[in-house]
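Here is a short report on a protein model. It covers charge pairs, a surface patch and a nonpolar core.

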Amino acid sequence: MIYNLTVHYKYDPDDEQGYDDEIEAADIETAKEQVRQIEDFEDFNYFVLESEDGNEYYNSSEEPDFVDYT
């Protein structure tokens, strides 16, 4: 399955550095793991995954302590 990935970076309130990409994975849990392997993951403020068919959605900002507002 193909998942659309949107990345929002820390210290970038206007989302000038954010980007969109696609991830191919068997399921959304595998896609989340793949995102966590991205080289600059520690610089992410949060990320959003959505399946191409719109049936699966994940927003990491909904997890406690994931978003860094500084």
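A residue counts as buried under 20% relative accessible area, as exposed over 50%, and as partly exposed in between. Arg36 has 29% relative accessibility, so it is partly exposed. The model is predicted.

**Salt bridges**

Side chains of opposite charge can pair when their charged atoms come close. How many salt bridges does a search of the whole structure find? It finds two.

| Salt bridge | N to O distance |
|---|---|
| Glu29 and Lys32 | 2.9 Å |
| Arg36 and Glu63 | 3.7 Å |

Glu29 and Lys32 both sit in helix α1. They are three residues apart, about one turn of the helix. Lys32 is buried, with a relative accessible area of 10%.

Glu63 is partly exposed, at 31% relative accessible area.

**Negative patch**

On the surface, Asp20, Asp21, Glu22, Glu50, Glu52 and Asp53 form a patch of negative charge. Strand β2 (residues 19-24) gives the most to this patch, three residues. Asp20 lies in strand β2. Is Asp20 buried or exposed? Asp20 is exposed, with a relative accessible area of 60%.

**Nonpolar core**

The largest nonpolar core has 14 residues. Leu5, Ile23, Val35, Phe44, Phe47 and Leu49 touch the most other members. The elements giving two or more residues to this core are β1 (2-9), α1 (28-36) and β3 (44-51). The largest share, four residues, comes from β1.

Terms used. Residues numbered from 1 in each chain as written. Predicted model: local features only at pLDDT ≥ 70, side-chain atom pairs only at ≥ 80, totals over all residues. Heavy atoms only, no water. Patch = residues over 30% accessible without salt bridge, like charges linked within 9 Å, V, L, I, M, F, W, Y side chains within 5 Å. Areas by Shrake-Rupley, 256 points an atom, 1.4 Å probe, with all protein chains shown as cover. Salt bridge = Lys/Arg side-chain N within 4 Å of Asp/Glu carboxyl O. Lys, Arg positive; Asp, Glu negative; His and termini not counted. Charge placed at Lys NZ, Arg CZ, Asp CG, Glu CD. Buried < 20%, exposed > 50% of the residue type's maximum accessible area, 1.4 Å probe, protein only. Core = buried A, V, L, I, M, F, W, Y, C linked by side-chain atoms within 4.5 Å.
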